[in-house]
Amino acid sequence: MGSAVAQCPHGITSHSTGNLGQNKLGYSSRCSKFPCQLDFARFGLLHQGSSAASSSDHSTEFGRRINAVPDMDDMFWDKVPTPLLDMVENPIHLKNLSVQELKGLASEIRSELSCIMSEKPNSLKASLAVVELTIAIHHVFHAPVDKILWDVGEQTYAHKILTGRRALMRMMRQKNGLSGFTSRFESEYDSFGTGHGCNSVSAGLGMAIARDIKGKRDRVVTVISNATTLAGQVYEAMSNAGYLDSNMIVILNDSRRSLHPKIEQEPKTSITALSSTLIKIQSSKSFRKFREAAKGITKRIGRGMHELAAKFDEYARGMIGPQGSTLFEELGLYYIGPVDGHNLEDLICVLQQVSSLDSMGPVLIHVITEDNHQDAECNEKIESDNPQEGMITSSYDDSVSSSVQTRTYSDCLVDSLLMEAEKHKDIVLVHAGMEMEPSFQVLQETFADRFFDVGMAEQHAVTFSAGLSRGGLRPFCIIPSTFLQRAYDQVVHDVDRQKIPVRFVITSAGLVGNSGPVYCGAFDVTFMSCLPNMIVMAPSDEDELVDMVATAAQIDDRPVCFRYPRGAIVRTDHFMHPGIPLEIGKGRVLVEGKEVALLGYGAMVQNCLKAQALLSRLGIEVTVADARFCKPLDTELLTLLCENHKFLITVEEGSIGGFASHVAQFIALNGHLDGTVKVMNIRNFHFW
């Protein structure tokens, strides 16, 4: 039995008593915002309709809710004491904490995240950088009434801890655990789902307009990052927000991460006592009203005077603010910044002043943070848990253990591209996506003048590749399957319709392990194979991947794409044969059998071979064929399989409308269903 008493400001007294094994924690409080007693049952996923879930006022809005309550047996408080964090079950508990206590809370959250980091390879840099910002947002605003939206999932870990999901943090990206992103089905504090970034301003503006139409007064806050500012949708949304002039707050978390090394090497924007004072004046209600009144006076004097005053205002604000700050003013957002993202006093002051503004239009708050900003205690913890790393590993390491140097499909792709680049000096590489796999850094270093990483600008990547092709080069456009979806319009109009030979390398196709449905590559076969001029193929192993790279390099009259999964290759040896171009639209039979034929596409061919090996032990001989191409189909192979077998089973990893649909259409149109063959399909994605 243990007992603890914590005296907090504003008349809050917290008493913790009981046996830790009983999972009960009692509070007595003179503040009505705190519950009188909290019973901590073992955490789990509670579905709507359960007795536990029904206690929530908002449970009817969500089909599935995670109620996270700490399990004293499984938590790691014995490693790092977190007395302030232990009292925070939801953001309302932050309201009466002093700034000094909030600073202590930030330190405890960093310690908590550092403990998680010691067991998980996922990168937590982004969340460590925004701990103070997250605390300030929840201290000032009233979620879930006020809507808080995030662009990047990795920035939301502190947000998850403060919104009742602390006990499930160690189950992140696991079955029945937390998502690595914000999810409306996970918590009422997640106003909008975070996936590929750059969507929060658009969604937030929609919520702000809906609020205005309904006559409500809740606040809308969106948090964007450097990475998302590479995507055009952010600027489209900001421009529209400036035009509609609806009240909303956009927070730019500037961690100085850039695709351009020269920019990252430049000195960071300095924040002095003078600039901090100017920011507070800049965000104050009185200054904003004075500015609006001055605009009205100059308009009455005359257009020339108004334009002169506007130019002077822009010039003065450009002198005070950092380089590029006037861009947001041109888009129609009132710029405030830069603000020190690790100074809680300044953050709370600015957010409180901005939240008090009514009918002042959209505001952008420029917050400067550091990815490596950690307390000394956290640094010591990280170094002790990761003595050889010192840095946090990339999320691409999730599927393959970093302790074993397993060769991946991306490694094979890099080697094959290097070989083809020696043959064809006009090969260029365009990479797009949220982050670059470690394998591709070899390409970037080897072909610095022929490798272009455009970040999250997938639409630009596709049309840029089309322009490179029209300029006489051989572009390979490398995009993860899930991110290619954003650039589909450009694939259709700028590439396929014009029959421009762009070679699409679709990475992370199919299931992607603990990265979840956000990064799942389920749809690329479907939406690429319906295009009239596109060649669509998929390798069954690393050898075919090398051959398909050589095949794509040879094609110069139309676009082509091929996909490969995330993870390890089939063979364990590292032998690399030179690529041999394949005949377009030709598959192959791998194993001859009777009555039953398994026709696999892509990585699923390996599953077909495993099934054949198991069946052969039972005395059942089946045929295994590798389709290689979804478009054009090998019609001769399909006809042969239909005529010589009673059952044809297609096996693929993708959604409805993909490889199996093309096979079924051919069989139906050519009368093969009139015979004795029965056609079935096996897909990994049964929920689509």
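The secondary structure of the protein consists of 24 helices and 23 strands. The model is predicted, with an average pLDDT of 77 for the protein and a score of at least 70 for 71% of the residues. Two segments fall below this level. Over residues 1-78 the pLDDT stays under 50, and the model has 155 contacts beyond four places in sequence for this segment. Over residues 259-263 the pLDDT likewise stays under 50, and here the model has six contacts beyond four places in sequence.

Of the 688 residues of the protein, 53% count as buried. Among the contacts with a separation of 6 or more, 75% are accounted for by residues 24 or more positions apart.

Helix α4 spans residues 131-140. Ten of its ten residues are buried, so α4 is largely enclosed by the rest of the structure. The buried residues of α4 include the charged Glu 132 as well as His 138 and His 139. Two helices that α4 crosses are α5 and α13, as tabulated below.

| Helix pair | Residues of partner | Axes come within | Crossing angle |
|---|---|---|---|
| α4 and α5 | 157-165 | 9 Å | roughly 40 degrees |
| α4 and α13 | 344-355 | 9 Å | roughly 40 degrees |

With α5, the axis of α4 crosses at roughly 40 degrees, and the two helices are therefore oblique to each other. The crossing in which α4 passes α5 is right-handed. On the α4 side, Val 131, Thr 134, Ile 135 and His 138 take part, and they meet Ala 158, His 159, Leu 162 and Thr 163 of α5. By class, this contact of α4 with α5 holds four nonpolar residues, four polar residues and no charged ones.

With α13, the axis of α4 again crosses at roughly 40 degrees, which makes α4 oblique to α13. This crossing of α4 and α13 is also right-handed. From α4, the residues Glu 132, Leu 133, Ile 135, Ala 136, Ile 137, His 139 and Val 140 meet Leu 344, Leu 347, Ile 348, Leu 351, Gln 352 and Ser 355 of α13. The contact of α4 with α13 divides into nine nonpolar residues, three polar residues and one charged residue.

How values were computed: Residues are numbered from 1 along each chain as its sequence is written. This is a predicted model: local features need pLDDT of at least 70, side-chain atom pairs count only at pLDDT 80 or more; totals for chains, interfaces and linings use all residues. Side-chain values use heavy atoms; hydrogens and water are left out. Axes are lines fitted to C-alpha atoms, for helices over the stretch in contact, and angles run from 0 to 180 degrees between N-to-C directions. Helices (H or I, at least four residues) and strands (E, at least two) are DSSP runs, numbered from the N terminus. Angles under 35 degrees count as roughly parallel, over 145 as roughly antiparallel, 65 to 115 as roughly perpendicular and the rest as oblique. A crossing is left-handed if the near helix is turned anticlockwise from the far one by less than a right angle, and right-handed if clockwise. Contact means heavy atoms within 4.5 Å. pLDDT is the predictor's confidence in each residue, from 0 to 100. Buried means under 20% relative accessible area, exposed over 50%, partly exposed in between (1.4 Å probe, protein chains only).
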